[in-house]
Amino acid sequence: MQLSDVKTIKASPETVWAAILNPEVLKLCVPGCEAMSGSVEDGFEATVKQKIGPVSATFTGVVKLSGIEPGRAVTITGEGKGGAAGFAKGGAKVRLAPVPGGTELAYEVEAAVGGKIAQLGSRLIDGFAKKMADEFFTRFQDALEGPDAADEEAAASPDEAPKKGWFKRLLGA
Amino acid sequence: MPKDYGIGASSKRREDVRFLTGRGVYTDDMALHGQTYAVFVRSTVAHGRIRSVGTEAASKMPGVLAIFTGEDFKDVGGNPAGWLINSRDGTPMHEPKRPVLAHGKVRHVGDAYAAVIAETYQQAKDAAQQISDDTDIEELPAIVDMRAALADSSNRVHDEIPDNQCYDWGWIEDNRAAVDAAFKSAPHVTTLELVNNRLVPNAMEPRASIGEYFPGTGDYKLTTTSQNPHLTRLLVAAFVLGIPENKLTVVAPDVGGGFGSKIYHYGEEALVLAAAKKLARPVRWTAERSESFLSDAHGRDHVTKIELACDKEGNFLAFRTETMANVGAYLSNFATVTPTFLHGTLMAGPYKVPHVYVNVKTVFTNTAPVDAYRGAGRPEATYSLERVIDKMCRELGLDPFEVRRKNFLTTDMFPYTTPVGLVYDTGNYHATLDKAMEMADVAGFAKRRADSAARGKLRGMGLSTWIEACGIAPSNLVGILGARVGLYDAATVRVNATGNISVMVGAHSHGQGHETVFAQIAAEKLGIPESSVEIVHGDTSKIPFGMGSYGSRSLAVCGVAMTKAIDKIVAKGKKIAAHMLEAAEGDITFEDGKFSVAGTDKAKTFGEIAFSAYVPHNYPLETLEPGLEETAFYDPANFTYPAGAYICEVEVDEGTGKVDVVAFHCADDFGNVMNPMIVEGQVHGGVGQGIGQALLESTTYDENGQLLTGSYMDYAMPRAGDVPFYNVDYSCQTACTHNVLGVKGCGEAGAIGSPPAVVNAVLDALHSGGHKIAHIDMPVSPGRVWQAING
């Protein structure tokens, strides 16, 4: 399964780059992520809880970063084992480029599943993966961009999702 | 008036009383004292090198009694293929060992590499998951596509087989030049490339096995879902575990469907026996439905290029095919014969075609093993032939009915030796075609098409004429062709002192209705009520011997064995009667259950003779043994050749691509019919499976060898709403010439004849709507039809 997209983020390439390499950011942006630790050099260990069609499972796995061109590109690969549910593995090539007003982030994702998820949920995988990717980048974008006027009201109400722009504020950007 | 008793009567299926009231006894129904539970640890990757199997943590988990891995069985014999097939160059096929549990490598998703035995099922399941989590398997690139498998010798399913090819078979190799010459000079050649889609058998009852070991005697017992208990005993005992055959009993009790998938011996059966011995406790296993999808032997999976050479009037001159047949990761027991002698020998169909050549390359891939499935090779042959003939008719603007008619063998040509090596003994293909056309009201089709059009639907009519070689099989012939067993069958008829009888048959009934039909025949032959006959099957300790039920062989082989045993009973009864009636043996006749002195009113009933045999007070003991029990083995002289004509009508919705089968007519020649109702039921079931293959069922592996259709959410089985009311006729009967019952076999017919009729009908409908589509591969799903219409 493959998917790709291009997003424009209203933040500088440096800010976006720092966020991509930050396990705290990844933890909050990866849907269902329960734990994320590690470093760029050694890779991250992650625990992600997800439900695909009839199969729900907690995946534990290792995420490695390679092909690092600081500020410009990185390849993220990982494999997660979900016990009886099977496994998921894949990679994303991410490229950053400055554009007026922010950063263009292009990604190409390749993913594969095996075991029970494949046998029971294959027809749901494409939609599921797209939803995961959309959700991730929406959260990522929100974390970096901060609230716009229309969101002020929503931000005022308590919500499980992290408040918009929190990473930007954290960096003092 | 229809007969209400004996041969030819539609006696109700006596076994259905227990099946329909929940009183059947299946393997999983049996509870045994001290029983333990086996769960298998199966690969989640299609191809991988086993670095380590993590058993340590699992071995300490609650309730765990034993863990087995491939290491435990690396020295035991392998499960062999039943037929040795040679390649065109004379070299024997590659025959990799099929282990009880995978060792060294895993070769398909679902390949079992370990097994846990525990006190409860849940404990075994938890420990199996622990092993799976703790096991280190290096995933290797999966080999899924057959063409790629043959082309790339760097990636191998079995390390010792460089091109992943089991064999490259030509039939008949000596005819190849003549066939090629016929194509060169032919006025017209039609070529068609097609896929015969892989099917999951989906028996209602999943596979299940219970192993027992009795330390006091050293005896083993295997209770298992088998179509073929004696073959399983032979394979487990002699080839896999090295148990003396006389120390192993195999029982196949009520079995809920097989369709081929339960003919074979599987590693799970060997494992429960080995574990039972180790623990001296019964060990049971029942497949989950997911395991069935992953590990039952699948069916079909051919990729074929077929060419038809003919003149401009549609007279056939030659057929030539090139087929790649997928055998999956390991050779299942019949995997090597199904795409060869059960397929290539049928490539002349019911036609007088002078030249035929068949090439089959059989390919290993990282998918579940593929083996015989209802029809086994013959559906693949029929589909290829009937599709290419249909395409040729369209190319030349010829009537498909007339083209069949002019190419059919005629009744004066029997016995007829085909260019692919079979000798058809009898048949009347024109009669079944005429009958089918009458049933289908072919003349009224134009009006029905107009009616459909008025409702916005495209209506199409499709024809398929089919023949099969069944009643498997003459041992001397199959021995020459590479079979490693004989294919006779056996029956024992035991007359009890009170005159009722028990018949122990080698055929195994797993839904067919043998208990009824065999009793009808015995009752008629002995002139006793059907209720006085009990049919015993499926237990190697009770029945004399048997080669099981598959290939529409039960009646044509085992039924004939039973008839021969009955003949022996009657012959002995005549001797007893001659003594009791003080007459010459030659003067005794047997009719309607009475032994009489010809030309007199002196007679003894069958019951009186039976009683005398067991209470031999007035009995010729000096010349005749007491008792009345006879066994017969029967080895058929030839295959049997049922044939028929099927006409399917469909409606296609151009907007959605949805196909509805609106009528299905079957005119079959099964030879003599023993129980019409059961024959109809067999045809209904077979056609239902054929419609499933044609329209719905697709077994899909992704490029990594993951099975994407591993449940009924993704694998579409035919449901009642997907099939029409069938119109079935079996009145065109040419009796088989070489068995005393004159029967040919009806079990596979529907699954053989129906897929091409459905696909031909869909294409006819599409052409009537101006869509010039040459072919759509099965399953002809709405998506594929819509795509074909809309480019």
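B:Asn202 counts as buried because 20 C-beta neighbours lie inside 10 Å, a residue being called buried if 20 or more other C-beta atoms, placed from the backbone, lie within 10 Å of its own, exposed if 12 or fewer, and partly exposed in between. The model is a predicted one, in which local features need pLDDT of at least 70 and side-chain atom pairs count only at pLDDT 80 or more, whereas totals for chains, interfaces and linings use all residues. Residues are numbered from 1 along each chain as its sequence is written, and chains are lettered from A and ligands numbered from 1 in the order in which they are written.

The phi angle of B:Asn202 is near 55°, a positive value in a residue other than glycine, and the residue lies in the loop between strands S8 (188–196) and S9 (208–214) of chain B; helices (H or I, at least four residues) and strands (E, at least two) are DSSP runs, numbered from the N terminus. B:Asp441, also not a glycine, has a positive phi of about 45° and is found in the loop between helices H11 (429–440) and H12 (445–454) of chain B. With 14 other C-beta atoms within 10 Å, B:Asp441 is partly exposed.

Cis peptide bonds occur in loops of chain B as well. One joins B:Trp171 and B:Ile172, with omega about -5°, and B:Ile172 has its place in the loop between strand S7 (165–171) and helix H5 (176–184). Another joins B:Ile472 and B:Ala473, again with omega about -5°, and B:Ala473 lies in the loop between strand S18 (458–467) and helix H13 (475–481).

Helix H3 of chain B (residues 121–134) has 14 residues and should span 20 Å at 1.5 Å a residue, which agrees with the 20 Å between its end C-alpha atoms; the expected span is 1.5 Å times one less than the number of residues. Its buried residues, among them B:Ala124, B:Ala127 and B:Ile131, pack against strand S1 (36–42), helix H2 (56–59), strand S3 (64–69) and strand S5 (112–118) of chain B.

Between the chains, 14 residues of chain B are in contact with 15 residues of chain A, contact meaning that the C-beta atoms, placed from the backbone, lie within 7 Å. On the side of chain B that touches chain A, the elements giving two or more residues are H3 and helix H8 (289–295). Chain A itself comprises five helices and seven strands, and buried residues make up 29% of its 173 residues.

Key: Contact = placed C-beta atoms within 7 Å.
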